[in-house]
Amino acid sequence: MKRMLVLQLARFGDLVQTRRLLATLTRDVRPLGGEVHLVVDTSLLGLARRLYPEVAVHGLAVHRKPDDAAAAAARTVFAELAGLCFEAVYCLNFSPLAMAVAAMFPPEIQRGYRLHAGQPDKDALLRLVFRLARDRRGAGINLADIWAHLADRPVAARTVNPPAVAGDGGVGVALAGREARRSLPPEILAPVVRTLFRATGGRRVLLFGTAAQAPAARALLRRLDPAVAGACRNLTGQTDLPGLIDALTGLSVLVTPDTGVMHLAAALGVPVMAFFLSSAWCHETGPYGAGHRVWQAVTECAPCLEAAPCPNALACLAPLADPGLCRLVAGSTKAAVPSGLVGYVTDCDALGTLCRPVAGEDPTVGSRTAVRALVARRLGSDLPLAADLSPALVQALTVESDWMLPPPGRPAAGEW
């Protein structure tokens, strides 16, 4: 029996972004009676099984304090996996634990990240992605597509998520992501919510977040008009991850920063209105599929490094604080776009999902187009090469080792 294994030991949003890779592997093995297996953190078991009913899901206690019970459960999972014969093992996380799990299997079947001769190693595509990270503004390949292209012939990007279609369930609001500076503060978020509430017929507003985000929900409610606040239902801390699917289904729009809730909404076909700033870059982790809207801060310092403190007093927040933003959110084509802000609509091409500029001045669209064409050519996709693809760009993204045979012991799979 043909079996594939995917190791996705990161968090909520990453699990949803694995959708295209899992769809590709399922397409390849299911008609032959094969199986796709997925390893996730135990906190995500319920969601993973709901999202991927055709996949066998296993859980490891990755994001909790280890104890004897977790260790015993891990040994059981390792024994189950060791007893199965896999044709390929896809390790999607650059972490010691993930690579240690991948090391249970023969090196010739490992894809993605792995240990080689005791040192971290990765496929050629991931080595190229690390080079692209030197200039995040000029690159921008969606993470879901990077993972999907670790497999051969990934399914078409347009088939991964349903098209974005507004329901009549009102406005959803994802209050914050894991990093507060990547989210809109209540004084900026409130006018946006008010505008969309009226634009969608004034039905209701659902507030999503963990229990820790309940203060943010209360701060938002205090800044809303009584009519809007009265239509709000505060769900912070009240929905588990599988239940979040039911709460999101049928919404008119989800207002969100770069969050796992955003990726889940896109997977359900709920239209997303996303706001990206600070270290969040929509060309890397924006909503997947066609028809979503993104407002991206493109100040000179963006995107920054998440792990480093901001030296510019969150200058990227200023364009989003401009009063003209609400007119743009309402759909005005006459409102001026604040300097340092670009509006995008998501779309799909032969490589995957991309954000197409529709408002404001996009300073890096030319370089991103050229990089996408170069990556697509490396992968064998039929995306036309950009007219401005220069020898300097090719040289900057190519190293001699790309054209060498892998060293002894490293699998040839995953090389160019």
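This briefing covers the packing, cysteines and salt bridges of one structure. The model is predicted. The whole structure holds 22 salt bridges and zero disulfides.

- Beyond its neighbours within four places in sequence, Phe-208 touches a run of residues made up of Gly-172, Val-173, Ala-174 and Leu-175.
- Other contacts of Phe-208 include Gln-213, Leu-235, Thr-236, Leu-244, Ala-247, Leu-248, Leu-251 and Leu-254.

**Helix H2**
- Helix H2 spans residues 19-29, and its buried residues are Arg-20, Leu-21, Leu-22, Thr-24, Leu-25, Thr-26 and Val-29.
- Among the elements covering these buried residues are strands E1 (3-7), E2 (35-41) and E4 (88-91).
- Helices H1 (12-17) and H7 (143-148) also contribute to that cover.

**Cysteines**
- The cysteine sulfur closest to that of Cys-282 belongs to Cys-355; at 3.8 Å it is too far for a bond, because a disulfide requires sulfur atoms within 2.5 Å.
- Cys-282 is buried, at 1% relative accessible area.
- For Cys-310 the closest cysteine sulfur is in Cys-304, 6.1 Å away, and again too far for a bond.
- Cys-310 is partly exposed, with 32% relative accessibility.

**Salt bridges**
- Glu-87 and Lys-2 form a salt bridge through their side chains, with an N to O distance of 3.5 Å.
- This pair links distant parts of the chain, 85 residues apart: Glu-87 is in the loop between helix H4 (68-82) and E4, and Lys-2 is in the segment before E1.
- Both ends are partly exposed, Glu-87 at 45% relative accessibility and Lys-2 at 25%.
- Arg-153 and Asp-28 also meet in a salt bridge, at 3.9 Å from N to O.
- Here 125 residues separate the partners, with Arg-153 in the loop between H7 and strand E7 (171-174) and Asp-28 in helix H2.
- Arg-153 is exposed at 59% relative accessibility, whereas Asp-28 is partly exposed at 22%.
- In the salt bridge between Arg-64 and Asp-67, the closest N and O atoms are 2.6 Å apart.
- Arg-64 is partly exposed at 42% relative accessible area, and Asp-67 is partly exposed at 34%.
- A network of salt bridges links Arg-111, Arg-114, Asp-121 and Asp-123.

Technical notes:
Residues are numbered from 1 along each chain as its sequence is written. This is a predicted model: local features need pLDDT of at least 70, side-chain atom pairs count only at pLDDT 80 or more; totals for chains, interfaces and linings use all residues. Side-chain values use heavy atoms; hydrogens and water are left out. Buried means under 20% relative accessible area, exposed over 50%, partly exposed in between (1.4 Å probe, protein chains only). Helices (H or I, at least four residues) and strands (E, at least two) are DSSP runs, numbered from the N terminus. Contact means heavy atoms within 4.5 Å. A salt bridge is a side-chain nitrogen of Lys or Arg within 4 Å of a carboxyl oxygen of Asp or Glu.
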